[in-house]
Amino acid sequence: MKVQLPKIGAIPWKSVGSSVVIVSAAGLVASSIWLSLQFIKDPRSVAWMNQYLPKNAKIPISAWDDPKTLREIQADLRKAGLFAGEPIRVETAIKAKSNQTDLLIPIYRPDKNGGDDRLTELRAYQLVFNPTPNKPEALQFVNQIAVRELQEDFVTEPLIRAHVIDSGVDRSVPFTTVQRFEDRAPRNGAWLTLSGKLQQGDKLIAYGQVVYYNPITTAMSVMLSWTSSTGEFPTWQAASKGRPAEFVVNQTVGLEPDFQVYQLRSVQRKNIPFQLQPISLSQSGLRQENGAFVDALFLARSGLWSPALEYMQSVKQQVGKNWTMTAQAQMDLVERHAKVTKAQADQPWASPGQQVLANLIDGRWERAAQFVQNPATDRAEILDTLKLDSDRVQKRIDAVLNLNPARSDVQLWAALRLAAQHGKPNAIAWLKKQPQDSSLRRAQALKLLNDLDSMTFGATTPAPTTISQGRN
């Protein structure tokens with residue numbers, strides 16, 4: 001039976017006033033009555049409390065759930081209209097010459113309409129020997145977690161954010177498989193992922209939840225939910241020296257790399273004393289204020305990974321021993337993205353529009369300009385690429401001009417994008433109002449705009465009053 005319990009810990013004991021205390025006490029009494037009823041109806045539904053109780057106060061599971069063979073467990077499930085998936089074996093060294101064997105068993109409900117079977121819960125059992133004269137070995141139930149399915153809008157969020165698809169229906173999507181992480185996963189317990197797949201047009205999205213099982217306390221917990229628009233399963237990967245393995249989720253869409261990286265961090269919690277915390281690029285990881293590092297993080301958040309990495313590498317040399325592990329983790333995350341954008345810009349593309357786009361995404365403004373300045377290039381296709389651009393190029397233009405409004409190589413692309421979307425006159429008028437770092441480059445940019453065939457530009461519509469959107 002799946003039970004969703006009220007959050008008893010949320011009762012406001014610290015509120016002022018006797019009436020609040022009475023309400024809080026009444027809430028505790030009601031909760032106690034509710035728990036008692038659940039114990040009578042299905043003792044296993046409150047087994048989760050054992051992980052919060054001291055040893056001498058634990059609910060005696062064996063008194064109400066005798067050890068059963070796997071065949072007996074499967075028979076019980078069939079009676080309830082469920083079935084067991086492939087058990088996952090967890091071996092734990094308890095003492096020098098003693099091992100404990102646990103089985104994690106996924107429980108499924110068959111789909112009556114012929115679709116994928118839905119995962120409904122995950123149970124933990126411990127292997128016991130000679131529990132009765134007729135059973136040389138059996139499984140003792142120790143814990144379970146009910147599965148809460150993800151919402152489709154969470155699963156498709158990376159594609160929606162990249163304007164590849166529109167917002168979908170607000171419905172839950174099932175988990176269909178359970179797998180254990182083996183390679184590079186921390187050895188302090190069992191790490192699993194509940195997962196499923198969702199087809200969206202030509203995209204097969206993978207999604208899931210990470211579950212951790214502590215064989216010492218038999219505690220189980222969902223550590224995080226994940227989605228991958230590339231259809232890839234997340235992995236544990238080696239980190240820099242001195243840091244534990246990191247959990248990596250690939251949310252890349254098209255030419256935009258997007259890796260979510262999580263670190264295992266300790267927390268003050270007895271049964272599961274750690275959590276997966278994302279590496280953030282919002283705050284500087286340096287102990288002392290450093291403007292260049294802050295600028296690097298801003299460029300990274302704007303998608304300019306290679307320039308951000310160059311900034312960070314320079315700062316690391318300058319600060320020397322004041323460099324921190326947090327700053328290193330941030331730089332490693334930036335470098336992971338920069339490797340992708342650099343490789344894309346280095347490779348040859350059959351389409352000039354894609355070639356230019358790959359260079360702009362990597363922040364290679366001058367190199368991208370060489371393509372559009374070449375009369376042999378299909379300039380119309382490049383301008384079409386800029387015309388259809390939602391914000392990939394624009395957010396990078398905004399970021400650079402926010403740091404240096406006079407960057408003429410970036411102003412050129414801001415003007416070309418304006419011309420493609422709002423017409424040549426708007427682009428020329430905007431460019432003439434901007435500060436300049438070189439009168440020669442300004443003249444070259446204006447000549448390029450004037451020389452381009454006006455038929456390649458979009459219809460003249462009012463241009464935005466400003467390019468830069470400020471920092472985010």
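These are legends for a handful of close-ups of a predicted model.

A few ground rules: residue numbers start from 1 along each chain as its sequence is written, and side-chain values rest on heavy atoms, with hydrogens and water left out. Since this is a predicted model, local features need pLDDT of at least 70 and side-chain atom pairs count only at pLDDT 80 or more, while totals for chains, interfaces and linings use all residues.

**View 1. Confidence along the chain, with a look at residues 1-25.** The protein averages a pLDDT (the predictor's confidence in each residue, from 0 to 100) of 86. A score of at least 70 goes to 82% of the residues. Residues 1-25 stay under 50. For that stretch the model has 25 contacts (heavy atoms within 4.5 Å) beyond four places in sequence.

**View 2. Helix H7 packed on helix H8.** Helices here are DSSP runs of H or I with at least four residues, strands are E runs of at least two, and both are numbered from the N terminus. H7 covers residues 305-319 and H8 covers residues 325-346; they pack at an angle of about 145°, and their axes are 8 Å apart. Axes are lines fitted to C-alpha atoms, for helices over the stretch in contact, and angles run from 0 to 180 degrees between N-to-C directions. On the H7 side look for Trp305, Leu309 and Met312, among others; the H8 residues they meet as a group include Met331, Val334 and Ala338. Sorted by type, the contact residues of this pair are seven nonpolar, six polar and three charged. Here Ala, Val, Leu, Ile, Met, Phe, Trp, Tyr, Cys and Pro count as nonpolar, Asp, Glu, Lys and Arg as charged, and the others, Gly among them, as polar.

**View 3. H8 again, now with helix H9.** H9 spans residues 352-361, and its axis comes within 8 Å of that of H8, crossing at roughly 150°. Thr341, Gln344 and Ala345 from H8 meet Gln355, Ala358, Asn359 and Ile361 from H9. Their contact has three nonpolar residues, four polar and no charged.

**View 4. An open sheet of four strands.** The order is S8-S9-S10-S11, with antiparallel pairing (two strands pair if DSSP finds at least two bridges between them). S8 (177-180) and S11 (219-228) sit at the edges with a single partner strand each, so one side of each has no neighbour in the sheet. From one strand to the next, the twist averages 25°. Inside the sheet, S9 (residues 190-200) and S10 (residues 203-214) are joined by eleven bridges, and Lys197 has Ala206 as its bridge partner.

**View 5. S4 between two pairings, with S3 and with S5.** S3 (residues 98-109) runs antiparallel to S4 (residues 118-132), with eight bridges joining them; Asp102 stands opposite Gln126. S4 also pairs with S5 (residues 135-146), antiparallel over ten bridges, and Arg123 faces Gln144 there. A hairpin takes the chain from S4 to S5 through two residues.

**View 6. Gln434 in its loop.** The loop lies between helix H14 (424-432) and helix H15 (439-451). Setting aside neighbours within four places in sequence, Gln434 is in contact with Gln411 and Arg442. Arg407 is 27 residues away along the chain, with 9.5 Å between its C-alpha atom and that of Gln434.
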